[in-house]
Amino acid sequence: LVPILLHFILVAATPYSTLPSVLLVGPSGAGKTALLTLFERGPLATHTQQQHHNDEKQQQPNNTAVALTHTSQTPATVELAVSDDGASSFRDDLDAAGSAHKKFLLVDTPGHAKLRRHALARIQGTSAASSTAAVATTSSSSDSSSSSKSKVKAVVFVVDAAALADGDALPETAGYLYEVLLSLQKRMGAGKGSRAPASVPVLVAANKLDLFTALPAALVRSNLEAELGRIRRTRSRGLLDSGVGADDDVAAAGGAAGDENDDWLGEYGSDKFSFKQMLEFDIEVDVIGGNVIGEGPGADRWWRWIAERI
Ligand code: GDP
């Protein structure tokens, strides 16, 4: 009996070989797929060069040329690795270098407004400390195929800093970011009573800083904060109109109406929105500029941000 019991204990204790994941979220055209491809090709590019000089090594490259035939309609996932100290570059092939590393999944999500529920479902799914991540190597793969349980460690919300400069893209981008942040906020609230869910930090990656028309990261931050505040006010007006005493101010209404403040992002009743208010829900939000294509600060700071959170 003892060996049988032991066997069951061992089987039960064997952890699923699922990797933590980082979600790439954001409106269409922001550069999510370009970023995923850059991070995916990093080790491959290095490896190809090394093989040139080192032909006797008949070893297959680690991520054998997975061509990303990916349209932004389909979520795609790549497996990446950071060194244990988080100091490696996405250009390093850590397998080949034999250095200790942690693997994770980078999951691209569709940016089109009608398909955003995929990303939001993944974020909300994390309330059970896990979500479904499909490793899709072809465009025909979908969420349901070869799915595995994966814990979302962080969200990278990619924005087009050049598109934000002319103002038209701001309401759409901020609208999506509002949904993402609110999902994360609700997820934290849902953990009441039992253990609080692990917090999921958000990186707003202000992309396309190679373009001289792009807004610098500080302006991307303040413009998004102002627009998120506007969205919050508009939404709360609906809340006030729908029956909560018209004379009450917003904070009093929330206090009296219990769950009414569920859809309020950040510090309840505050006049201006700022990303710092998300800390109240243990959600860290950083805004960092960079670019995938062209001359500029590049993608290294984003990579480091991710590496520190894996
Ligand atoms: P997605 O819809 O968010 O996946 O966006 P894509 O990755 O398909 O990129 C949309 C377009 O922006 C493509 O034409 C990319 O080449 C371009 N793009 C992506 N990153 C950059 C960047 O850093 N600078 C510039 N100038 N263009 C970029």
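Glu 79 stands opposite Leu 105 of strand β3, in a stretch where β2 and β3 pair in the antiparallel sense over seven bridges; strands are DSSP runs (E, at least two residues), as helices are (H or I, at least four), numbered from the N terminus, and two strands pair if DSSP finds at least two bridges between them. The model is predicted: local features need pLDDT of at least 70, side-chain atom pairs count only at pLDDT 80 or more, and totals for chains, interfaces and linings use all residues. Residues are numbered from 1 along each chain as its sequence is written.

The chain has eight helices and eight strands. An open sheet of six strands, with mixed pairing, has the order β2-β3-β1-β6-β7-β8. Strands β2 (77-83) and β8 (285-289) stand at the edges with a single partner strand each, so one side of each lacks a neighbour in the sheet. The twist averages 25° from one strand to the next.

Strand β1 pairs with β3 (residues 101-108) in the parallel sense over four bridges, with Val 22 opposite Leu 106. Five bridges join β1 to β6 (residues 152-160), also parallel, and Val 156 is the bridge partner of Leu 24.

Note on methods: Axes are lines fitted to C-alpha atoms, for helices over the stretch in contact, and angles run from 0 to 180 degrees between N-to-C directions.
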